[in-house]
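Keep the structure open while you read.

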Amino acid sequence: MIEAETSLPRLLSRPLPRLRAAAVLALRSGPALALAAAAALAMVLAAPPALAAEANGIWARPGGSSRIQIAPCGGALCGTLVWLREPRNDTNNPDPARRSRPLLGSQTVFGMVADGGGRWKGKVYNAEDGKTYSGIMTLVGNTGLKLEGCVLGGLICKGETWQRVK
């Protein structure tokens with residue numbers, strides 16, 4: 001608890017100095033300002049993390065052979081193939097019934113749940129070998145998205161950094 005006698009310089013030396021200083025100044029300025037400051041603080045603290053929105057969009061594979069769209073699906077993020085340089089069917093799928101389906105429009109990134117710090121964990125389908133892996137998706141600056149497929153509980157991962165198109 002902040003004591004009324006606490007000086008502003010002392011407040012600024014503590015953790016979260018700006019929030020504490022703003023609270024003390026608002027309390028000293030009157031109840032209306034204190035209420036407005038509390039409402040503004042509640043809105044900031046209740047806002048969803050911006051990182052989830054930053055992964056949304058269309059991303060191109062490094063060689064430019066495909067593009068996926070990352071978008072919300074339920075409480076997670078998923079990715080759908082929205083463009084292929086050379087459209088083809090899912091011929092390597094382990095399910096024979098799916099080998100004749102077009103890859104274009106298929107979901108390749110599943111259930112990516114935020115893990116903090118611009119990173120998500122879920123599943124990734126690799127159409128090149130027909131296998132689904134544990135997946136990690138990590139933002140790399142504002143224009144890159146590293147997409148990795150992992151085995152052995154994440155001990156061995158292989159991936160690429162896709163570039164934002166939109």
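## The pocket, then the rest

The largest pocket has a volume of about 680 Å³. Keep in mind that this is a predicted model.

Who sits around that space? Of the 26 lining residues, Arg-61, Asn-126, Ala-127, Glu-128 and Glu-160 come closest to the centre. As for secondary structure, E2, E3, E4, E5, E7 and strand E8 (156-164) each give two or more residues to the lining. E8 gives the most, with 4 residues.

| Class in the pocket lining | Residues |
|---|---|
| Nonpolar | 11 residues |
| Polar | 6 residues |

Now for the nonpolar core. The largest one has 19 residues, and the members that touch the most others are Ile-68, Ile-70, Met-112, Met-137 and Leu-147. At least two residues of this core come from each of strand E2 (66-73), strand E3 (76-84), strand E4 (107-114), strand E5 (119-126), strand E6 (131-140) and strand E7 (144-151).

Setting aside neighbours within four places in sequence, Met-112 is in contact with Ala-76 and Leu-77, with the run Trp-120, Lys-121, Gly-122, Lys-123 and Val-124, with Gly-135, Ile-136 and Met-137, and with Leu-147.

Next, have a look at Glu-148, a charged residue in strand E7. Is Glu-148 buried or exposed? Its relative accessibility is 15%, and the cut-off for buried is under 20%, so Glu-148 counts as buried. Leaving out residues up to four places away in sequence, Glu-148 touches Val-124, then Ser-134, Gly-135 and Ile-136, and finally Cys-157, Lys-158 and Gly-159.

Zooming out, the protein has 4 helices and 8 strands. What pattern do they follow along the sequence? Reading along, you get α-α-α-α-β-β-β-β-β-β-β-β. Of the 166 residues in the protein, 28% are buried. Among contacts between residues at least 6 apart in sequence, 34% join residues at least 24 apart.

Note on methods: Residues are numbered from 1 along each chain as its sequence is written. This is a predicted model: local features need pLDDT of at least 70, side-chain atom pairs count only at pLDDT 80 or more; totals for chains, interfaces and linings use all residues. Side-chain values use heavy atoms; hydrogens and water are left out. A nonpolar core is a set of buried Ala, Val, Leu, Ile, Met, Phe, Trp, Tyr and Cys residues joined through side-chain atoms within 4.5 Å. Buried means under 20% relative accessible area, exposed over 50%, partly exposed in between (1.4 Å probe, protein chains only). Contact means heavy atoms within 4.5 Å. On a 1 Å grid over the protein atoms alone, a cavity is a set of points where a 1.4 Å probe fits but cannot get out, and a pocket is an open set with protein on both sides within 12 Å along at least five of seven lines; lining residues have an atom within 4 Å of a point. Grid points are joined across faces, edges and corners, and a volume is the space filled by probe spheres set on the points.
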